[in-house]
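Trainee: I am new to this structure. Could we walk through it side chain by side chain?

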Amino acid sequence: QVHLVESGGGLVQPGASLRLSCLASGSTPETSAMGWFRQAPGKEREFVAVINRSGRIASVAESVRGRFSISRDGAKDTIYLQMNRVEPEDTAVYYCAADRAYSTTPAFKYWGQGTQVTVSS
């Protein structure tokens, strides 16, 4: 069993930076791949970024590429989402996910509770 806890969300102004964290606890093989998804009101959950255990393989959604980046601290079993130059369209609940398999779809077995990010002036 894996437990994921996100942190770092909040209210930020357009153009600002924000870093989300996700701490994983539990079965290590089940957290081989970890990623971020987001869901805005009235919209489907969408892929943001994913990273493998070593941190050497990562994917970032085209919609945020160049502004967002994902990283991983293996020693802490924590992943981060660095969000730069945020836009109002980035407003959503951000979810951390984990699974054995690397994927850019919501086919992850474990999910966190989510952290709200609101971009507004």
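**Links across the fold**

Mentor: Start with the link of Cys22 and Cys96, which is left-handed, with -80° about the S-S bond. This is a predicted model, where local features need pLDDT of at least 70, side-chain atom pairs count only at pLDDT 80 or more, and totals for chains, interfaces and linings use all residues. Residues are numbered from 1 along each chain as its sequence is written, and side-chain values use heavy atoms, with hydrogens and water left out.

Trainee: How far apart are the sulfur atoms of Cys22 and Cys96?

Mentor: A disulfide is a covalent bond between the sulfur atoms of two cysteines. The rule here asks for a pair of cysteine sulfur atoms within 2.5 Å. By this rule the count comes to 1 disulfide. Cys22 and Cys96 form a disulfide, with their sulfur atoms apart by 2.0 Å.

Trainee: How many residues apart in sequence are the parts that Cys22 and Cys96 tie together?

Mentor: Strands (E, at least two residues) and helices (H or I, at least four) are DSSP runs, numbered from the N terminus. Cys22 lies in strand β3 (residues 18-26) and Cys96 in strand β9, so the pair ties together parts whose separation in sequence is 74 residues.

Trainee: Is Cys22 buried or exposed?

Mentor: Buried means under 20% relative accessible area, exposed means over 50%, and partly exposed lies in between (1.4 Å probe, protein chains only). Cys96 has 0% relative accessibility and counts as buried. Cys22 also has 0%. So Cys22 counts as buried.

Trainee: Next, the charged pairs. Which residue meets Arg38 in a salt bridge?

Mentor: A salt bridge is a side-chain nitrogen of Lys or Arg within 4 Å of a carboxyl oxygen of Asp or Glu. The structure holds 6 salt bridges. In one of them, at 3.0 Å from N to O, the side chain of Arg38 meets that of Asp90.

Trainee: Why does the pair of Arg38 and Asp90 tie together parts that are apart in sequence?

Mentor: Arg38 lies in strand β4. Asp90 lies in the loop between β8 (78-83) and β9 (92-99). So the pair ties together parts whose separation in sequence is 52 residues.

Trainee: What is the relative accessible area of Asp90?

Mentor: Arg38 counts as buried at 6% relative accessibility. Asp90 is buried as well, and its relative accessible area is 1%.

Trainee: Which side chain makes a polar contact with Arg38 at 2.6 Å?

Mentor: A polar contact is a pair of N or O atoms within 3.5 Å; within protein, one must be able to donate a hydrogen and the other to accept it, and residues adjacent in sequence count only if both atoms are side-chain atoms. The side chain of Arg38 makes one with the side chain of Asp90 at 3.0 Å. The contact at 2.6 Å is with the side chain of Glu46.

Trainee: Which residues are linked with Arg38 in a network of salt bridges?

Mentor: Arg67 forms a salt bridge with Glu87, with 3.8 Å between the closest N and O atoms. Arg67 is buried at 9%, and Glu87 is partly exposed at 34%. Linked with Arg38 in the network are Glu46, Arg67, Glu87 and Asp90.

Trainee: Now the rings. What kind of aromatic pair do Phe37 and Phe47 form?

Mentor: Rings of Phe, Tyr and Trp (its six-membered ring) pair if their centres lie within 6.5 Å; planes under 30 degrees apart count as stacked, over 60 as edge-to-face and the rest as tilted. A search of the whole structure finds 5 aromatic pairs. Phe37 and Phe47 are 5.8 Å apart centre to centre, with 70° between the planes, so by that rule the pair is edge-to-face.

Trainee: Which residues form one aromatic cluster with Phe37?

Mentor: Phe37 is buried, and so is Phe47. Both belong to one aromatic cluster. Its members alongside Phe37 are Phe47, Tyr95, Phe108 and Trp111.

Trainee: Over the ring of which residue does the charged end of Arg45 sit at 4.7 Å from the centre?

Mentor: A charge sits over a ring if NZ of Lys or CZ of Arg is within 6 Å of the ring centre and within 35 degrees of the ring normal. Arg45 lies over the face of Tyr95, at 3.8 Å from the ring centre. At 4.7 Å, the ring is that of Trp111.
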